[in-house]
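Visitor: I am new to this structure and would be grateful for a close look at a single part of it. Could you please guide me through that part step by step?

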Amino acid sequence: MVLDFFRSGTSQIEEVETRLVTMLRDGRRVFDTSVAAVFGGGKSREAKSTVKSIDREINENQREVRRALMMSASVRGTADLPLILAYMSVVKDVERVGDYAKNIYDLAKYGVDFTTAADRDELEAYRDAVAKLLDEAAEVFAERNTERAHELVTKADRFLSEYNRRVKETTMSEGPVLDAVGRALYFRYLKRITAHVMNLMTSLFLPVDQLDHYDEDPDDRL
Amino acid sequence: MSRAQTAGSRMAGLPAPLRALVVVTLLYLFLGGVKLLETGIKGLGSDFTDGLFEGVTNPLAGLFVGVLATVLVQSSSVTTATIVGLVAGDVLSVSTAVPMIMGANIGTTVTNTIVSLTHLRRGEEFRRAFAAATMHDFFNVIAVAVLLPIEIVTGVLSGTAQSVASFIAGGQELGGSFNSPIKGAVAWLADQIEAIVLVPLLPNDRAIAVGAIILGISLIFVTLAYITKNMRILVADRIERSLNAALGRSGLIGMVVGTLVTISVQSSSITTSILIPLVASGILLVRNAYPVTLGANIGTTITALLAALGAGAIDGLTIAVTHTLFNIAGILLIYPWPATRFIPVAVAERLADVALERRQLAIGYVAVAFIVLPLVGVILL
């Protein structure tokens with residue numbers, strides 16, 4: 001404990017960065033478990049317990065990140081202020097990825113099941129795209145690679161338009177209510193996850209005051 | 001982060017080895033400043049200096065001078081290093097300087113109390129911050145209230161310090177001097193500054209002596225400020241890690257961490273001011289911050305000890321050791337006993353409750369305790 005003072009090691013900010021990547025990867029785990037439930041498994045005690053325990057880990061990591069940022073701000077004063085404010089904003093986005101992934105599990109809980117859906121392949125393709133996006137985002141953030149972050153934001157932006165189109169299409173469909181609601185929410189949650197990943201990525205190249213606007217209409221963005 | 005943010009936070013500033021070199025250089029200049037102060041005082045002659053501090057032979061007046069001087073420069077390290085220089089230069093006697101050193105301890109707590117006022121607009125946050133800041137005030141006031149009378153009557157602190165100083169200096173008595181590798185190097189620097197800067201510019205010995213005093217105090221002030229600033233950057237990672245490790249652990253660990261952090265940044269105000277936002281935000285409890293604050297009291301005495309080693313006078317070393325002993329004695333007096341341990345915290349929390357209801361009281365407290373009362377004391381005594 002006291003000897004920590006004499007040891008060299010990582011800074012609080014570096015620990016925050018590592019935790020954010022861990023949270024994002026945990027978010028991917030929740031997503032995998034949740035989509036597995038709507039694509040065949042349905043609700044199960046094991047899946048429920050997995051989703052809950054990972055979500056608790058994500059929430060605890062969020063609190064740890066905030067504590068570490070507070071410690072860093074107290075010790076370093078204004079030296080790392082932009083970084084601290086950006087991470088304080090970003091940690092909420094990463095936590096929300098887990099939350100929306102958990103909401104997909106709730107769909108299975110309420111009886112949404114895409115196992116026999118006629119367009120199952122298409123629905124799975126959307127699932128795979130988000131899973132890949134989460135993996136890439138974790139990788140890009142860990143490397144703090146601004147060039148790849150730009151590419152990922154452009155790619156994710158296309159997804160947003162697609163999800164919007166699908167939500168609109170589903171709400172106007174005349175199929176069974178449970179199927180329509182299930183699909184609309186599924187696309188809505190995929191859109192939210194994508195938007196939060198975009199916010200995380202934009203924090204690698206945008207100033208603090210311009211964060212959090214990438215889930216809005218392109219015309220309303222700064 | 002954006003490129004600008006990354007550049008601003010990580011790339012700005014010097015590489016660590018270069019910054020460490022800057023700190024060593026500043027430390028050398030700081031010691032040179034203390035030596036210059038001592039040289040300047042001696043240059044004025046005893047007929048001038050003997051009457052200079054006649055007014056503060058009253059211990060309470062000395063105490064208030066210590067508080068006021070520290071509030072003014074916002075650093076007990078500057079005050080104590082200057083006092084060491086004055087004692088080494090025979091302007092102040094050890095017995096006159098002891099209350100001043102104690103006053104510096106009280107005065108230094110004004111910084112974190114002011115920091116706590118920045119939370120005024122957010123009730124609960126302010127209550128926690130104000131309690132964390134004022135517990136340091138109350139601890140130091142209680143320690144002075146008990147130890148100053150004991151010191152005046154028995155001279156136990158300065159007597160013990162004299163024995164320690166004499167032991168360090170190989171048996172020299174008060175009024176004597178001792179050699180250390182630091183002293184030789186520092187004396188050379190002071191001589192060079194005097195020969196290159198002061199002698200060509202100033203007309204006579206008295207002007208040179210006054211110039212040496214002004215330059216000495218300026219060097220102490222400026223170098224300490226920059227040492228603190230650079231060390232804070234250099235050891236920020238270590239401070240974060242050790243404070244994290246100390247959170248919620250035993251009081252002794254907190255004290256050691258507080259001491260180490262303060263030694264490394266050469267400022268108790270920095271250590272205690274770091275704690276205020278942590279307590280305000282609820283991450284750290286007032287009671288967990290308390291031992292770290294007490295450790296800061298011990299750590300801050302390193303500056304006067306360094307100054308004394310540079311000055312090379314037994315009297316200077318005695319007052320520096322007295323400062324250390326006073327802070328250790330204060331902790332031993334209050335902290336080990338469950339009945340007294342949390343008195344300063346309890347009083348501070350009570351004051352914070354009252355201040356939360358009437359926030360002008362908090363500002364009034366700072367003004368009265370740190371400015372009005374010491375000022376009136378100095379004028380009347």
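Guide: A residue counts as buried if 20 or more other C-beta atoms lie within 10 Å of its own, as exposed if 12 or fewer do, and as partly exposed in between. The model to which this is applied here is a predicted one. The part to consider is the loop between α5 and α6 (94-107) of chain B, where B:D90 has its place. Around B:D90 there are 17 other C-beta atoms within 10 Å, and therefore this residue is partly exposed. The backbone of B:D90 also deserves attention, for its phi is near 65°, a positive value in a residue other than glycine. Most residues other than glycine have a negative phi.

Between α4 (59-73) and α5 (76-88) of chain B lies B:Q74. Its phi is near 55°, again a positive value in a residue that is not glycine. B:Q74 has 16 other C-beta atoms within 10 Å, so it is partly exposed.

For the wider setting, one may turn to the contact of the two chains. Chain A contributes 26 residues to this contact and chain B contributes 28 residues. On the side of chain A that touches chain B, the elements giving two or more residues are α2 (45-76) and α3 (81-109) of chain A. The most comes from α2(A), with eight residues. By kind, the residues on that side of chain A divide into 15 nonpolar, seven polar and four charged.

Terms used
Residues are numbered from 1 along each chain as its sequence is written. Chains are lettered from A and ligands numbered from 1 in the order in which they are written. This is a predicted model: local features need pLDDT of at least 70, side-chain atom pairs count only at pLDDT 80 or more; totals for chains, interfaces and linings use all residues. Two residues are in contact if their C-beta atoms, placed from the backbone, lie within 7 Å. Helices (H or I, at least four residues) and strands (E, at least two) are DSSP runs, numbered from the N terminus. Ala, Val, Leu, Ile, Met, Phe, Trp, Tyr, Cys and Pro count as nonpolar, Asp, Glu, Lys and Arg as charged, and the others, Gly among them, as polar.
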